[in-house]
Amino acid sequence: MSTVASVGTEKEGLKLLVTAGPRAQKMVGIWLFGSAAWVFSMVVLGGVTRLTRSGLSMTDWKFTGRLPPLSDEEWLEEFEKYKQSPEYKRVNKGMSIEDFKFIYWMEYAHRMWGRALGVMFALPFSYFLRKGYITLRLGLRLSALFALGAGQGLIGWWMVKSGLEEPATEYVQPRVSPHRLAAHLTSAFVIYSGLFWTALSVVMPEPPAGSLAWVKGAAKVKRLAIPVSLIVGITAISGAFVAGNDAGRAYNTFPKMGDSWIPDDIFDMKPVIRNFFENTSTVQLNHRILATTALISICGLWWATRKLDIHPAIKSLVGSTLGMAALQVTLGVSTLLSYVPVSLGTAHQAGALTLLTLMLLLNHTVRRPSMALLKTLPQVAKTCDRLAL
């Protein structure tokens, strides 16, 4: 049986990503949505691992993984390795082995959950290829995402390794490089976005469109949604630098930063560009400004589209995105004022990905329909269609 269809199947002028009919389309869609959900859980688990300061508990790494310690002797051996790390010497000196087991299990779970995702993705992928369900275009896209996923493990270890090195001075706490943490989180966001967008394209090859008027309205929304999405994405990445610099544990006041609106030391580092990635004050100020800009932009998107003649699903998505943006800002402020508790910090990280999900869904929904569909649409939606929707 054919492994990959050579080209996207044509269906009334529309190129489909999955062949062999609706059942195959549904199966591949469920698998891709499940994979995206798994990546979402990985991001959340990674946030918990970071917030519980568990990420530096395992001082080595193997691509295929290994069994955890199973005896007291093995636990003592792992603990001795950790005792040689800068984090133990400067932060956790005197830690009990029971406390060490907790942070070790957190990091071990995060690593093995990622490896399990690789298996869960690869096996169905091989099956669908063998059955000939997947087109060449989809196969290449998914192969690229799988390669990114494999590389994510290497990026993760590259990040952790930076935290196992001795800090520049004795007054600095050991922590991973904010640049590498941002690369690790951004890579996870890219993989998630790719999987989610592809899953939507498989199960919804055509956007919802009831009339040409609705299509024109969707095009206007798209012109606004794309720049807003970029702002949301940049804000999420800036959050990685906040995490990497532990900037959330500084200036735990709002709306001012301490006693001032803008701290005096935001350009203390040389060259100046370093301040935007390594200066705690500048990094937090940037994130505050970007988050506020994102909220205002989404409010503007809602205001600009509220009277447009658009599909009800698009109206609902814009409203949901506005609500999620307001919730995310509330979570961010609450996390800051509460000195970054694990629960709120994790919810804030999950909220960032949820907001990104809604922006992806909105952009996917306002795509231009195929010419085949456009030819069948009336100028305006029928009254009964409006009422039904």
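Reader: How many cavities of 30 Å³ or more are there?
Author: The count comes to 2. Keep in mind that this is a predicted model.

Reader: What volume does the largest cavity have?
Author: About 70 Å³.

Reader: Which residues line the largest cavity?
Author: One stretch of names is M58, D60, W61, K62, G65 and R66, and the lining also includes Y108, R111, M112 and R115.

Reader: And how does that lining split by class?
Author: The largest cavity has 5 charged residues in its lining, along with 4 nonpolar and 1 polar.

Reader: OK, the second largest cavity. What volume?
Author: The second largest cavity comes out at about 40 Å³.

Reader: What lines the second largest cavity?
Author: P207, P208, A209, W214, V215 and A218, plus T365, R367 and P369.

Reader: Which helix gives the most to that lining?
Author: Helix 7, residues 212–244, with 3 residues.

Reader: Switching to packing. How many residues are in the largest nonpolar core?
Author: That core has 48 residues. Those with the most contacts inside it are V28, W31, L32, I134, L138, L142 and L195.

Reader: Which helices each supply at least two residues of this core?
Author: Helix 1 (21–51), helix 4 (97–131), helix 5 (136–163), helix 6 (178–203), helix 7 and helix 11 (342–365).

Reader: Which one gives the most?
Author: Helix 6, with 12 residues.

Reader: Now Q349. Where does Q349 lie?
Author: In helix 11.

Reader: Is Q349 buried or exposed?
Author: Q349 counts as buried, because its relative accessibility is 13% and the cut-off for buried is under 20%.

Reader: What does Q349 touch?
Author: Leaving out residues up to four places away in sequence, Q349 touches V43, G46, G47, R50 and L185.

Reader: Last topic, confidence. What pLDDT does the protein chain average?
Author: The average is 89, and 93% of the residues score at least 70.

Reader: Where does pLDDT stay under 50?
Author: Over residues 1–9.

Reader: How many contacts beyond four places in sequence does the model have for residues 1–9?
Author: The model has 26 of those for that stretch.

Conventions. Residues numbered from 1 in each chain as written. Predicted model: local features only at pLDDT ≥ 70, side-chain atom pairs only at ≥ 80, totals over all residues. Heavy atoms only, no water. 1 Å grid on protein atoms, 1.4 Å probe; cavity = no way out; pocket = protein on both sides within 12 Å on 5 of 7 lines; lining within 4 Å. Points joined across faces, edges and corners; volume = space filled by probe spheres on them. Nonpolar A, V, L, I, M, F, W, Y, C, P; charged D, E, K, R; others polar. Helix = DSSP H or I, 4+ residues; strand = E, 2+ residues; numbered from the N terminus. pLDDT = per-residue confidence, 0-100. Contact = heavy atoms within 4.5 Å. Core = buried A, V, L, I, M, F, W, Y, C linked by side-chain atoms within 4.5 Å. Buried < 20%, exposed > 50% of the residue type's maximum accessible area, 1.4 Å probe, protein only.
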